Amino acid sequence: MKAIITQSEPSKRVRSVVYVNSVLNVIANDFAVKNGIYISLFKSKTWLKVCRLVNKMHVASLREIFPDAGSITFSHTAGCQCGCSPGYVIKEERPNCFGRYFWVDIEVSAEEEADFKNKLFSSTLAKEFADEKAAHALKLARPKDTSLSETSLSH
Ligand SMILES: [Zn+2]
C-alpha cells in the first residue's frame, strides 16, 4: 500500500484532517451491502471489526507520509460536525501550529486487494454477522411487557 497526497490546503484548525480515497473502503462497503449490514437495526460488532481493520491499514499507510504525526485516528466528524466528511485526524507533535487539509489516494496493489477481499469475503466474518443478526432477532421476538420493548419492536 502506498499513500499519495493529491491535494493540500491550509486549515485554521490545530489538527490536520486527511480525506482518504481508497479501494479498501469500496470493498468494505461491498461487504456491508452484500451482508445486509447497512439495513440491520443493531450496532454490529462484526462491522466494527471490519472498520477497525480498514482503519488500521489506512493509518499504517498514512504513517509513512506523516512520520511526525503524534496520532492518526479515524473520525466520523473529522471534517464536519454533521458527519458528512469522515476522515483521519492528525495530532501533530509540534504544538501551536495550524493544521492542513489533505486529500490522499491510497494505492493498493492487485495482490493486496485480493488479500483484503479474502480477509472479508472468505472469512468467518459473514457468518459472524449472520449469527449476530439471528441473536438480535431472537432478542426482539422474546415477549416483554414493558412499553419500551414495544417501541423498539415497531422500528
Ligand atoms: Zn457536514
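**Entry 1: after the helix.** I began at Gly36, which follows H1 and has a positive phi, near 70°. I keep in mind that this is a predicted model, in which local features need pLDDT of at least 70, side-chain atom pairs count only at pLDDT 80 or more, and totals for chains, interfaces and linings use all residues. Residues are numbered from 1 along each chain as its sequence is written.

**Entry 2: helix H1.** I took helices (H or I, at least four residues) and strands (E, at least two) as DSSP runs numbered from the N terminus. H1 covers residues 23–34, and its 12 residues should span 16 Å at 1.5 Å a residue; the end C-alpha atoms are 16 Å apart, which agrees. The expected span is 1.5 Å times one less than the number of residues.

Next I asked which residues of H1 are buried. They include Leu24, Phe31 and Ala32. They cover an arc of only 100° around the axis, which puts them on the same side of H1; the arc is that of the directions from the helix axis to the C-beta atoms. On the other side of H1, I found Val26, Val33 and Lys34 exposed. Buried means 20 or more other C-beta atoms within 10 Å of a residue's own, exposed means 12 or fewer, and partly exposed lies in between, with C-beta atoms placed from the backbone.

The cover over the buried residues of H1 includes strand E2 (16–22), H2, strand E5 (100–107) and helix H3 (110–121). Contact here means C-beta atoms, placed from the backbone, within 7 Å.

**Entry 3: the sheet.** I traced 5 strands in an open sheet with mixed pairing, in the order E1-E5-E2-E4-E3. Strands E1 (2–10) and E3 (69–75) are the edges, each pairing on one side only. Two strands pair if DSSP finds at least two bridges between them.

E2 pairs with E5 in the parallel sense over 6 bridges, and Ser22 has Ile106 in E5 as its bridge partner. With E4 (residues 87–92), E2 pairs in the antiparallel sense over 3 bridges. There I found Ser16 opposite Ile90 and Val17 bridged to Val89.

**Entry 4: helix H2.** H2 lies across E1, E2, E3, E4 and E5, at about 70° to E1. Axes are lines fitted to C-alpha atoms, for helices over the stretch in contact, and angles run from 0 to 180 degrees between N-to-C directions. H2 (residues 45–65) also packs with H4 (residues 125–141) at about 150°, their axes 8 Å apart.

Methods: Contact = placed C-beta atoms within 7 Å.
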